[in-house]
Amino acid sequence: MSSPHCPSPLPSVTKLQVDSVTFPPSVISPASSHPLFLGGAGVRGLDIHGKFVIFTVIGVYLAPIAVPSLSVKWKGKTTEELTESVPFFREIVTGSFEKFIKVTMKLPLTGQQYSEKVTENCVAIWKSLGLYTDAEAKAVERFLEVFKDQTFPPGASILFALSPNGSLTISFSKDDSIPKTGKAVIENKLLAEAVLESIIGKKGVSPGARLSLAERLSQLMKENKVEEEAAKTDNQDEANDLSLGDKLAKEN
């Protein structure tokens with residue numbers, strides 16, 4: 001696995017267009033200024049009177065180290081196997097690598113509408129895991145406060161950066177740009193994880209983003225496996241060359 005002094009290279013991935021929203025292959029995180037790659041994207045919507053109405057379009061970005069980190073346990077698994085795997089998505093949610101979420105509006109929403117729904121989902125996740133404490137209750141209050149006076153017209157975005165140490169950096173954008181710094185930081189690891197879990201988890205609001213992540217990561221882990229095997233072959237060739245050199249040296 002790469003050390004902090006020798007970071008993993010950014011995986012080569014394509015942009016994704018979901019509905020009318022385009023997610024670039026990589027972004028710079030407003031929390032760390034590190035480049036992150038596009039892991040997957042999908043919509044959040046509801047069936048209303050027989051018609052599927054899209055509210056938001058969501059892109060999930062990951063630090064490059066996510067690929068070798070997840071590969072340890074999950075390489076070789078198919079898209080279908082990963083999509084159905086609760087532990088796989090829990091590992092993405094809890095993994096010690098940076099994640100970034102871009103939520104772009106298709107319909108107008110107020111900050112209050114959005115934050116109340118997100119925190120309701122987060123609290124449900126915590127209660128199901130038996131993890132809801134005073135610290136989480138305070139983090140929810142802070143989250144609601146950050147969103148209280150915000151309005152999000154179509155095309156506006158909410159941006160979440162989840163750092164490996166557990167902080168949640170929140171930013172807002174009225175267009176397609178990503179701010180260089182966050183508007184607020186909430187130091188609560190469970191809240192940061194629950195925001196992502198509420199999107200891509202078993203009962204997440206975007207099954208499309210979940211499937212997209214499984215599909216792209218399955219392929220990236222396959223490529224990572226090929227690279228690892230190529231590196232092993234090179235190392236073995238070097239070892240064989242050294243052995244031959246030692247043998248020749250002894251003979252001479």
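Figure 1. Glu84 sits in the loop that runs between helix 2 (79-83) and helix 3 (86-94); helices (H or I, at least four residues) and strands (E, at least two) are DSSP runs, numbered from the N terminus. The model is predicted: local features need pLDDT of at least 70, side-chain atom pairs count only at pLDDT 80 or more, and totals for chains, interfaces and linings use all residues. Residues are numbered from 1 along each chain as its sequence is written, and side-chain values use heavy atoms, with hydrogens and water left out. Glu84 has a relative accessible area of 66% and is therefore exposed (buried is under 20% relative accessible area, exposed over 50%, partly exposed in between; 1.4 Å probe, protein chains only). Accessible areas come from the Shrake-Rupley method with that 1.4 Å probe, and for residues only the protein chains shown count as cover. Together with Glu80, Glu81 and Glu215, Glu84 forms a patch of negative charge on the surface. Patch members have over 30% relative accessible area and no salt bridge; like charges are joined within 9 Å, and nonpolar side chains (Val, Leu, Ile, Met, Phe, Trp, Tyr) within 5 Å. Asp and Glu count as negative, Lys and Arg as positive, while His and the chain ends are not counted. The place of a charge is NZ of Lys, CZ of Arg, CG of Asp or CD of Glu.

Figure 2. Thr79 belongs to helix 2 and, with a relative accessible area of 17%, is buried. Apart from neighbours within four places in sequence, Thr79 is in contact (heavy atoms within 4.5 Å) with Leu211, Ala214, Glu215 and Ser218. Val86 is in helix 3 and is partly exposed at 37% relative accessibility. With neighbours within four places again set aside, Val86 is in contact with Lys202 and Arg210. Val86 and Lys203 are 117 residues apart in sequence, and their C-alpha atoms are 10.0 Å apart.

**Figure 3. The salt bridge of Arg90 and Glu197.** The whole structure has six salt bridges (a side-chain nitrogen of Lys or Arg within 4 Å of a carboxyl oxygen of Asp or Glu). One of them joins the side chains of Arg90 and Glu197, at 2.7 Å from N to O. This pair links distant parts of the chain, with Arg90 in helix 3 and Glu197 in helix 6 (residues 189-200), 107 residues apart. Arg90 is partly exposed at 26% relative accessibility, whereas Glu197 is buried at 15%.

Figure 4. In helix 4 (residues 111-129), Lys117 and Glu120 are three residues apart, about one turn of the helix. Their side chains meet in a salt bridge of 3.2 Å, N to O. Lys117 is partly exposed at 32%, and Glu120 is partly exposed at 48%. In helix 6, Glu193 and Lys189 are four residues apart, about one turn of the helix, and their salt bridge spans 3.4 Å, N to O. Glu193 is buried at 10% relative accessibility, while Lys189 is partly exposed at 40%.

**Figure 5. Pro25 and its contacts.** Pro25 lies in the loop between strand 2 (21-23) and strand 3 (26-28). Its relative accessible area of 32% makes Pro25 partly exposed. Beyond its neighbours within four places in sequence, Pro25 is in contact with Val13, Thr14, Lys15, Leu36, Phe37, Leu38 and Tyr61.
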